[in-house]
Amino acid sequence: MSEWLALLTEVTGFAAPALGIGLAGLAAVVVGCALRARPTALAWPASPEVRASGAWRLDPVRLLALALRAGALLALAAALAGPLGPPPASHPTEEGLDLVLVLDGSGSMRALDARVAGSPRTRLELAREVVARFARHRVAQGDRVALVVFGEHAFTLCPLTRDGGLLAAALDRVEAGMAGEATALGDALALGVERLVVPRDAERDAGSLTPLPGRMSRAGQVVVLLTDGRSNAGTVPPDVASQLAAQLGVRVHTVGIGGEGEVAMATRRGGRALQTERHDLDRPTLTAIASRSGGQFFEARSSADLTVVYEAIDRLERVRREAPGPAGRTPAPEPALALAGVLLSLEILMARVAARRLP
């Protein structure tokens, strides 16, 4: 009850003041008519003076009951008018960004030249483990993270989200060759940029963003591209995709995984194949993609190396943005309704107990 009384004292306005004034005037008319009306019953017990003079209107018990009724009607009028609390405080700022993880899922990611805790693992197993930790960390920091997987084709496995469980489930589903055996590097990068730009434009069109005069602000939008091979498929060349990212202000960090030379390959079912294959990293292309958009190129072969890479990216990508806050003041009629209920209950209690009347 004390909390509701405190809320009543913080009322700074009404959503529909005209309605409240009209209802308050109607309540005044009702109480005035009740004061002018002659009571049809004799109060019991009543003072001798009241019984002798017939001054029913000056009965103090009756006047108190009418005052309680007037208070209850005014409280109801205030509740229907929609009382508003104080305006919300200014929104705090938090660190965060929109991040798209573009993960290579081509057939070359079955190469068994990566190591996790000293044991040989496929490149995809190494990448999936470290990327999952990185994604959980960034989501916990308030970022929105998306996952794009590519091979011969590129597709969005998880849209921008702050749901760590959804991201983890998406990463668990990534398998080498699920998007084809080849490497469509340019298509994957273009799709990653699109995953950032399209939601941003939709928010701007909805009025939730205020772009800078003359251009659109893309601060806090990053793509982290992890691959182990060369672009040999797709319709968008990597240089065109990187130019698109640079023009839209999306920074791209590239991560090369794996080594050079012949490597043993895991089978589709996870076993070790008898043949070896060569899947060399295209360092010049990955370096050019990163530098063109203001990002950096990293290289890793082990779990420790890849962890260091993502820790470096984590330190690089820190921006401050306004945290989401209350959309605005909303009517809070509950305290006024509670007050009206209390006053009506007191009037009924007085009419039935303290001011009984004889017909």
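A residue is called buried when its relative accessible area is under 20%, exposed when that area is over 50%, and partly exposed in between, as computed with a 1.4 Å probe on protein chains only. By that rule, buried residues make up 42% of the 359 residues in this chain. The model is a predicted one, in which local features need pLDDT of at least 70 and side-chain atom pairs count only at pLDDT 80 or more, while totals for chains, interfaces and linings use all residues. Residues are numbered from 1 along each chain as its sequence is written, and side-chain values use heavy atoms, with hydrogens and water left out.

**Overall make-up**

- The chain holds 11 helices and 16 strands, where helices (H or I, at least four residues) and strands (E, at least two) are DSSP runs numbered from the N terminus.
- Taking contact to mean heavy atoms within 4.5 Å, residues 24 or more positions apart account for 78% of the contacts in the chain that have a separation of 6 or more.

**Helices α8 and α9**

- In α8, which spans residues 238–247, the buried residues are P238, A241, S242 and A245. Seen down the axis of α8, these buried residues fall within an arc of 95°, so they line one face of the helix; the arc is that of the directions from the helix axis to the C-beta atoms.
- In α9, which spans residues 283–292, L286, I289 and A290 are buried. The buried residues of α9 also fall within an arc of 95° when seen down its axis, and they therefore line one face of that helix.
- The exposed residues P284 and S291 are carried on the face of α9 that is turned away from its buried side.
- α8 and α9 pack with their axes 8 Å apart and at an angle of about 15°, where axes are lines fitted to C-alpha atoms, for helices over the stretch in contact, and angles run from 0 to 180 degrees between N-to-C directions. That makes α8 roughly parallel to α9, given that angles under 35 degrees count as roughly parallel, over 145 as roughly antiparallel, 65 to 115 as roughly perpendicular and the rest as oblique.
- The crossing of α8 and α9 is right-handed; a crossing is right-handed if the near helix is turned clockwise from the far one by less than a right angle, and left-handed if anticlockwise.
- On the α8 side of this packing, P238, D239, S242, Q243 and A246 meet T285, I289 and R292 of α9.

**Glycines that follow these helices**

- α8 is followed by G249, whose phi is positive, near 75°, and just after α9, G294 takes a positive phi of about 90°.
- G294 lies in the loop between α9 and β14 (297–300), and with a relative accessible area of 48% this glycine is partly exposed.
- Although G294 and R251 are 43 residues apart in sequence, their C-alpha atoms are 5.8 Å apart in space.

**The aromatic pair**

- The structure holds one aromatic pair, counted where rings of Phe, Tyr and Trp (its six-membered ring) have centres within 6.5 Å, with planes under 30 degrees apart called stacked, over 60 edge-to-face and the rest tilted.
- F134 and Y310 form this pair, which is tilted, with 4.8 Å from centre to centre and 50° between the planes.
- The pair links distant parts of the chain, since F134 is in α5 (residues 123–140) and Y310 is in α10 (residues 303–316), 176 residues apart.
- F134 counts as buried at 5% relative accessibility, and Y310 is buried with a relative accessible area of 4%.

**L337 in helix α11**

- L337 is placed in α11 (residues 334–354) and counts as partly exposed at 43% relative accessibility.
- L337 and A77 are 260 residues apart in sequence, yet 9.2 Å apart in space from C-alpha to C-alpha.
- Leaving aside neighbours within four places in sequence, L337 is in contact with L76 and A79.
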